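I opened the model and kept notes in the order in which I looked things up. Confidence came before any local detail.

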Amino acid sequence: MGRKSRLRLLGVPVVVVMLVAACASGHRGANPDGGGGAAGQATAAAPAGQTFGDLPSPCGPGNAKGATDLGVTDTAINIAYGDDRGFTGSPGLSHEVGDAVKAMIKWCDDQGGVNGRQVNGTFYDAKITETNNVMTEACRSAFMLVGQGWALDSAGEQTRVACDLVSVPTFSVSPEFANGPMQYQAVPNPADETVGAFFAQFAKLYPDAIKKAAEYTTTLATENYSTKRGVAASKPFGWNWLPCTQTVNYFGEPDYKPFMQKLKDCGAQVVWFTLSAGPQLYNALQAADQVGFHPLWLTETNNYTQGFADFNANHLADNVYVRTAYIPQEQADQAPAVKKYIDVVKADGGDVSQLGAQATSSFLLWATAAKKCGSTLTRQCMVNQLSKITHWTGGGLHAASDPGGNHGPTCGMLLRLQGTRYVQVYPKKLGAFDCSPTYTVKLPAGFVTVKLNADRIATNYLTDEAIRPQA
C-alpha cells in the first residue's frame, strides 16, 4: 500500500532537486536572524486579492486564537528554518534558501500573518557538520521546520523524529529524511523513485554521447549517493557508463588535472556531477580545459545559480547542462510566480536562485496548510492537511508535484549555461515542460539504502509516537 493509501486509512526538491543533491553555493554568509514580526506586532491589512502567481495568498488577518501546540500562541507561530551558509569549505553555501524563507515570512506578516498570527522565524546555520546541534535547538521551541535546507539532513533525523518536529523542507538529500515520517516537501525527492526526465531529454539531444558517460563525484557521502542514484535513473533511457568514475576529496585537491586527464583518457563524452557549483566544479572545469578535455556536463538543479553564471564569464562552463522542474528566472516576465519570488526576496535584500524558489514553494505549502488549521493549529492538524495536498505548483513556480503522496514531478526541462545566462534547450518552447509518466523511475530495491514500510516511510527512527495523518 502506498503513502496515499495510508492517508485514507489514517486520515515529502531533490534537488538538487527535488531534488536535489546537496545545495546551491554563494558568497554571502550573513545570518538573517529572526525573519518575522514580534508577537502582537501590528501589521498592514492584506491587500485585496493578494496572490502568489496563480495561488491565492494563504496569509492575511484573522482571529485565530489559542496556545495550541509548542511554538504557537494567540498572536504568533514560531518556526525554524536555515541553511549551511557558514560552512568554511564554501562560504555562503545555500544561503539563498534562508534568504527566501526570511523574505517570505516578512511578505506573509505584512499581510497580517496566518489567520492573524504573526510568523516568527528563527534561523539556524548548520554549517554542514552541525545539523544535529541545530535540530536539537529547534526541537526546544519551534512549532515546525519550514523551508530549511541542510545538506547532511540524515545527521539530525533521529533527533527530529524523536521530538515530533514536522518538516516542510526546501529539499531532501539522505534517504532517511527523503522518506522520513512527518516530512512533506514541495517538490519531493523520495528514496525509492526519482525523476528521469532530464536523462531522457539529454538522450534525445545527444543519443551517441550518452553511450560514453562517466561520473565525477566527491567523498561527501550524500553527494556520492545522489550521483549513484542518477546513474540508476538514467539506464531506462539508454545511458551507458564507463568504468572510470573520478572521486575527489570534498574539502579539495591540490591538483584536479589528473582526475580530468583520466576521464579524457577513458573516452568520456558526458560527465555527470551532482554537487553544487563550487570549488569542486570550478577547479574541474579549469583543469579540464588545461588538459584539452571538453565533454558535455550534465548537472543537478543546484547548479542553477547566479554565482555559477558569473563564473562562466570565461566560457569554461558553456557545455554545462542543468536539469530543472522550475520555471527559469530568465523567464520571469512570462511567469508571475517567478517574478513575485524575485521581487519579494530582492525587496528584503536577499539573493535569488533555484533553491530559493524551492524554499519559497515549501513556505507557501506550509502556510496553505496552516491557514486551513485556523484556531486548531497543531502539528497533528498540519500533518492531516499536508497529507491531502497531492497537486502542487507553488503558484506556478514549478511543474506539478504530489507532496502528500511523496512523488516528484513527471516533467522537466533542460537548461544550458551560455556565458553568464542560462538558456532553455529542451523542450524548445520557452516556459514549457516535457512530461511523461515514464519519466518516473522506480529505483531498484537494492539501491534503496533504507528500509521502507508498506507506506513508503523510512523505519530507521520511526516510533509509535510519530504523528500520522488522521481521517
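**Confidence.** I began with pLDDT, the predictor's confidence in each residue, from 0 to 100. The mean pLDDT of the protein chain is 89, and 90% of its residues reach 70 or more. Over residues 1-29 the pLDDT is below 50, yet beyond near neighbours in sequence this stretch has 160 contacts in the model. Residues 34-46 also have pLDDT below 50, with 38 contacts beyond near neighbours in sequence. I took contact as heavy atoms within 4.5 Å. Where pLDDT is low, predicted coordinates should not be read in detail.

**Ground rules.** This is a predicted model, in which local features need pLDDT of at least 70 and side-chain atom pairs count only at pLDDT 80 or more, while totals for chains, interfaces and linings use all residues. Residues are numbered from 1 along each chain as its sequence is written, and side-chain values use heavy atoms, with hydrogens and water left out.

**Whole chain.** I found 13 helices and 16 strands in the protein chain; these are DSSP runs numbered from the N terminus, helices being H or I of at least four residues and strands E of at least two. Of the 471 residues, 63% are buried, meaning under 20% relative accessible area (1.4 Å probe, protein chains only).

**Aspartate 318.** I located aspartate 318 in the loop between α10 (306-311) and β12 (320-324). What is the nearest side chain of opposite charge to aspartate 318? It is arginine 416, 6.8 Å away, and the buried aspartate 318 has no salt bridge (a side-chain nitrogen of Lys or Arg within 4 Å of a carboxyl oxygen of Asp or Glu). For charge, Lys and Arg count as positive and Asp and Glu as negative; His and the chain ends are not counted. Leaving aside neighbours within four places in sequence, aspartate 318 is in contact with Asn312, Arg416, Leu417, Gln418 and Gly419.

**Backbone.** Most residues other than glycine have a negative phi, and most peptide bonds are trans. I noted phi near 70 degrees at isoleucine 128, in the loop between β4 (118-125) and α3 (131-141). Isoleucine 128 is buried, with a relative accessible area of 4%. Asparagine 406 has a positive phi of about 60 degrees and lies in the loop between α13 (379-387) and β13 (411-418). Asparagine 406 is buried, with a relative accessible area of 1%. Last, I checked the peptide bond joining tyrosine 426 and proline 427: it is cis, with omega about -10 degrees. Proline 427 sits in the loop between β14 (421-426) and β15 (434-435).

Methods
Buried < 20%, exposed > 50% of the residue type's maximum accessible area, 1.4 Å probe, protein only.
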